[in-house]
Amino acid sequence: MDAVICSIDLLAQGVMAEAQARGLSIPTDIAVMGFGDLEFAAHTHPRLSTVNIDGGRIGLRTAELLLQRIDGSLARGECAEDVGFNLVVREST
């Protein structure tokens, strides 16, 4: 295994701690990637690479679509939307 990609930064932090406890070097022996760009990710050792998403934008857009669905102006299954993301490349990859 070359890398572990986690669904949330907190899990990635745990993976890094366990890997280091087993004597593995990050990212030399195994790369670790998180998701969410939580505050602590920039302060782990090594600093955690992650995916940054705009949670506020996602929440606002979800509310707008729900209101459209409620008032009947949006049919079921009618909308798919790319809200974007940014890779935050740090030392864990």
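How many helices and strands does the protein chain have? The protein chain has two helices and four strands, where helices (H or I, at least four residues) and strands (E, at least two) are DSSP runs numbered from the N terminus. This is a predicted model, in which local features need pLDDT of at least 70 and side-chain atom pairs count only at pLDDT 80 or more, while totals for chains, interfaces and linings use all residues. Residues are numbered from 1 along each chain as its sequence is written, and side-chain values use heavy atoms, with hydrogens and water left out.

**View 1. The protein chain as a whole, in the order β-α-β-β-α-β.** The C-alpha atoms fill a box of roughly 55 × 25 × 15 Å along the principal axes. The radius of gyration of the protein chain is 18 Å, whereas a compact globule of 93 residues would have one near 12 Å; this radius is taken over C-alpha atoms, and the globule rule is 2.2 Å times the number of residues to the power 0.38. Of the 93 residues, 26% are buried, a term that stands for under 20% relative accessible area, with exposed for over 50% and partly exposed for what lies in between (1.4 Å probe, protein chains only). The protein chain exposes about 6,200 Å², of which carbon and sulfur atoms supply 58%, as computed by the Shrake-Rupley method with a 1.4 Å probe. Among contacts (heavy atoms within 4.5 Å) between residues at least 6 apart in sequence, 65% join residues at least 24 apart.

View 2. D9 is buried yet has no salt bridge, and the nearest side chain of opposite charge, that of R90, is 6.1 Å away. A salt bridge is taken here as a side-chain nitrogen of Lys or Arg within 4 Å of a carboxyl oxygen of Asp or Glu; Lys and Arg count as positive and Asp and Glu as negative, whereas His and the chain ends are not counted. The side chain of D9 does reach backbone nitrogens, with a polar atom 2.7 Å from that of F35 and an approach of 2.6 Å to that of L38. Beyond its neighbours within four places in sequence, D9 is in contact with residues including G36, D37, F40 and T50.

**View 3. S49 in the loop between β2 and β3.** S49 is buried, with a relative accessible area of 0%. The side chain of S49 reaches the backbone nitrogen of R90 at 2.7 Å. Leaving aside neighbours within four places in sequence, the residues in contact with S49 include V32, M33 and G34, as well as V88, V89 and R90.

**View 4. D37 and P46, also in the loop between β2 and β3.** Phi of D37 is near 50 degrees, a positive value in a residue other than glycine, and D37 is partly exposed, with a relative accessible area of 22%. The peptide bond from H45 to P46 is cis, with omega near -5 degrees.

**View 5. P27 and T28 in the loop between α1 and β2.** The peptide bond from I26 to P27 is cis, with omega near 5 degrees. T28 is exposed, with a relative accessible area of 66%. Computed along the sequence, T28 and G77 are 49 residues apart, and their C-alpha atoms are 44 Å apart in space.

Notes: A polar contact is a pair of N or O atoms within 3.5 Å; within protein, one must be able to donate a hydrogen and the other to accept it, and residues adjacent in sequence count only if both atoms are side-chain atoms.
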